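This report concerns a single protein chain, shown below with its sequence and structure.

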Amino acid sequence: MMLEGLIGQVEPAVTDPASLPPLETWTPPLSGDMALSIAADGRWYHEGRVMSRPRLVRLLSTILRREADGDYYLVSPVEKWRIQVEDRPLLIVDADREADAPGGGWRLTTNLGDTLVLGREHRLALSPMPGGDVIPEVPVRHGLAARLNRNVYYRLLDVAESRQVAGSEEWGLVSGGVWQPLGRLEPDA
C-alpha cells in the first residue's frame, strides 16, 4: 500500500471517532522500536528531525495507542512499533462552551483534530509533567491523553470556581454535569 495514497485520504481536520481504525482489535507481536518521538509541545520527530507534514502526523496519530505497560505504539493489523512520548501525545488547543449541553459542557479540540466534550467519559485529571508541574490532562482515545495548552488552561481558569475537595482548595468547573479540576492549592504544612 502506498503511503501517499493513505495520506491523501486523511484530512488534518476533525475526524469522526467511528472512522478511526479498530486498534483495540489488533494484537500483532512487537516489531521493535521506531526512531519516532513526540515532544511535550506536540511536535513529532522522526530520526531527530521535525515531521513537517500535518497529514502524515494525523495519519500516524490514528494508529497510535498506549498500552497497559505505559508505552506508546503505532499499530497495524500485522505490525506494532514502540515510539517515545515525552509527556502526552496530544494537546488541547481550543475550548468552546456548548450552549445547549446540559451542565454547561465544554467542547475541546486537540492539535490533531480530535474533538471531545468534557464529561464522565472525558474527565480532567491533575497529573505531573516530566518537570514536576501538576497540569490537567484529559483522556482522548485508545489510552491516549491530551494536556491543556496554556491558552486553553487560562481560558478555562477564567471561568473556574473554587471548591473544597479532600481537604484542599481546588479550582475547576462543571462540564457535562461533572466537576473538572484545573488545579489545587495544598494547605500549608
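The sections below treat the chain as a whole, then its strands, then the pocket.

## Overall architecture

The structure is a predicted model. Three helices and 15 strands make up the secondary structure of the chain. Of its 189 residues, 42% count as buried.

The chain exposes about 10,400 Å², and carbon and sulfur atoms supply 52% of that area. Where contacts link residues at least 6 apart in sequence, 52% of them join residues at least 24 apart.

Strand β8 spans residues 106-110, and four of its five residues are buried, so the strand is largely enclosed by the rest of the structure. The term buried here denotes a relative accessible area under 20%.

Two pairings of β8 can be described. With strand β7 (residues 90-97), β8 runs antiparallel and is joined by five bridges; Ile92 stands opposite Thr110 of β8 in this arrangement. With strand β9 (residues 115-117), β8 pairs over three bridges, again in the antiparallel sense. In that pairing, Leu108 has Leu116 of β9 as its bridge partner.

The β8 and β9 strands form a hairpin with four residues between them. Within the turn, Gly113 adopts a positive phi of about 95 degrees.

Strand β10 (residues 125-128) and strand β11 (residues 134-141) run antiparallel and are joined by four bridges. Pro128 stands opposite Val134 in β11.

These two strands also form a hairpin, with five residues between β10 and β11. The turn contains Gly132, whose phi is positive at about 105 degrees.

## The second largest pocket

About 280 Å³ of space lies in the second largest pocket. The elements giving two or more residues to its lining are β12 (144-148) and α3 (150-158). Of these, α3 supplies the largest share of the lining, three residues.

The lining consists of Ala40, Asp41, Asp87, Leu91, Met129, Ile135, Arg147, Leu148, Asn149, Arg150, Tyr153 and Tyr154. By residue class, the lining divides into seven nonpolar, one polar and four charged residues.

Technical notes: Residues numbered from 1 in each chain as written. Predicted model: local features only at pLDDT ≥ 70, side-chain atom pairs only at ≥ 80, totals over all residues. Heavy atoms only, no water. 1 Å grid on protein atoms, 1.4 Å probe; cavity = no way out; pocket = protein on both sides within 12 Å on 5 of 7 lines; lining within 4 Å. Points joined across faces, edges and corners; volume = space filled by probe spheres on them. Nonpolar A, V, L, I, M, F, W, Y, C, P; charged D, E, K, R; others polar. Buried < 20%, exposed > 50% of the residue type's maximum accessible area, 1.4 Å probe, protein only. Pairing = 2+ DSSP bridges. Contact = heavy atoms within 4.5 Å. Areas by Shrake-Rupley, 256 points an atom, 1.4 Å probe, with all protein chains shown as cover.
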